Amino acid sequence: MKHSIFESKGIVWGLILLITIIWGFGWVFMKAVLDFMGPFTFSVFRFGTGALTLLLLIWVLKAGKPPKHMWKHLIVVGILQTGVVFSFVMYGMQFVDAGKSSVLLYSMPLWSSILAVKLLGETMTRGKITGLVMGMIGLVLILGRDIFFVKDPAIIFGELLIVAAALAWAASNMYYRLKLEGMTQLQVSAYQMLFGTIGILAATVLMEWGEPVRLTGSSIFYILFTGVLASALCFTVWFILLSTIDMVTATLSTLLVPVFGLFFSWWILGEAFTGSIIAGSALVITGIAVAQIFGRETSKGRA
């Protein structure tokens, strides 16, 4: 099915900018909502709302159910992509600033490069190695300051959780490429989000049962913004856009998210940024860009 509206480059880039701004802004709300409820409880509300929105969209579009033999793979991706990633991120954000959290999570392409060599047999080219080294130095600058100077175990624990979430995100991408590449992106997004939400619900019962939940106008807005707008609708439009732009452009476009995350966290939440955080963030983002732009060279003489 052709989406004629997406044939205009101006509209495509306008939508990319809008989506990345929304995703960047979402980090502010993900931090703010922790004043109203626990991290797992919020994630259940957010992704439950997002999954229901996507399933309703599938029903309206008559996209159908996934083949039965794909369900086990969707469960794995759902547990990794939605369950592990956002459980770790939201729990870690209790101790880590929103802007810094966005940069740590979006280190995912660095970990994907390493896993792709091991699991998909891709070549570790000079461009990828250069980008990887730059990104890892950036992570050391961000984490090292807290490890050696701040020395707050809670902050260090939160940061390591978010880095682990980036690894889980990279692993889910590899699993998707190995097992689910034939499915429509809309189906994968909806059903993995559903299964991931079920996993987070189990964690919520274990970790936050009986804890207070304040449903106010603000907290409901945060849930609807991140669940319906940032999760369901933006991902749906993003997957459509992926059919009109190449993967390098897509990956580089997502690097706007931590940039906006840092900016909005400073502007709205008043988060302070040290020189090491700014330098480290710049190295992570630049390293990913270098790996994507200059890392696509092919190995000569390879069969």
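From the N terminus on, the elements of the protein run α-α-α-α-α-α-α-α-α-α-α-α. That gives 12 helices and 0 strands; helices (H or I, at least four residues) and strands (E, at least two) are DSSP runs, numbered from the N terminus. The radius of gyration is 19 Å, close to the 19 Å of the globule rule for 303 residues, so the protein is as compact as a globular protein of that length. The radius is taken over C-alpha atoms, and the rule is 2.2 Å times the number of residues to the power 0.38.

This is a predicted model, in which local features need pLDDT of at least 70, side-chain atom pairs count only at pLDDT 80 or more, and totals for chains, interfaces and linings use all residues. Residues are numbered from 1 along each chain as its sequence is written, and side-chain values use heavy atoms, with hydrogens and water left out.

**Overall build**
- The C-alpha trace spans about 60 × 55 × 40 Å along its principal axes.
- Buried residues make up 50% of the 303 residues (buried: under 20% relative accessible area; exposed: over 50%; partly exposed: in between; 1.4 Å probe, protein chains only).
- Of the contacts between residues at least 6 apart in sequence, 90% join residues at least 24 apart (contact: heavy atoms within 4.5 Å).

**Surface and charge**
- The accessible surface comes to about 14600 Å², and 71% of it belongs to carbon and sulfur atoms (Shrake-Rupley method, 1.4 Å probe; for residues, only the protein chains shown count as cover).
- There are 20 positive and 13 negative side chains (Lys and Arg positive, Asp and Glu negative; His and the chain ends not counted).
- The centres of the two sets lie 11 Å apart, with each charge placed at NZ of Lys, CZ of Arg, CG of Asp or CD of Glu.

**Helix 5**
- Helix 5 covers residues 108-119, and its 12 residues should span 16 Å at 1.5 Å a residue (1.5 Å times one less than the number of residues).
- Its end C-alpha atoms are 16 Å apart, which agrees.
- Its buried residues are Met108, Pro109, Leu110, Trp111, Ser112, Ser113 and Ala116.
- Gly121 follows helix 5 and has a positive phi, near 70°.

- His73 sits in helix 3 (residues 71-92).
- His73 is buried, at 12% relative accessible area.
- Leaving aside residues up to four places away in sequence, His73 touches Tyr175, Lys179 and Leu180.
- Lys62 lies in the loop between helix 2 (39-61) and helix 3.
- Lys62 is exposed, at 73% relative accessibility.
- Phi of Lys62 is positive, near 55°, in a residue other than glycine.
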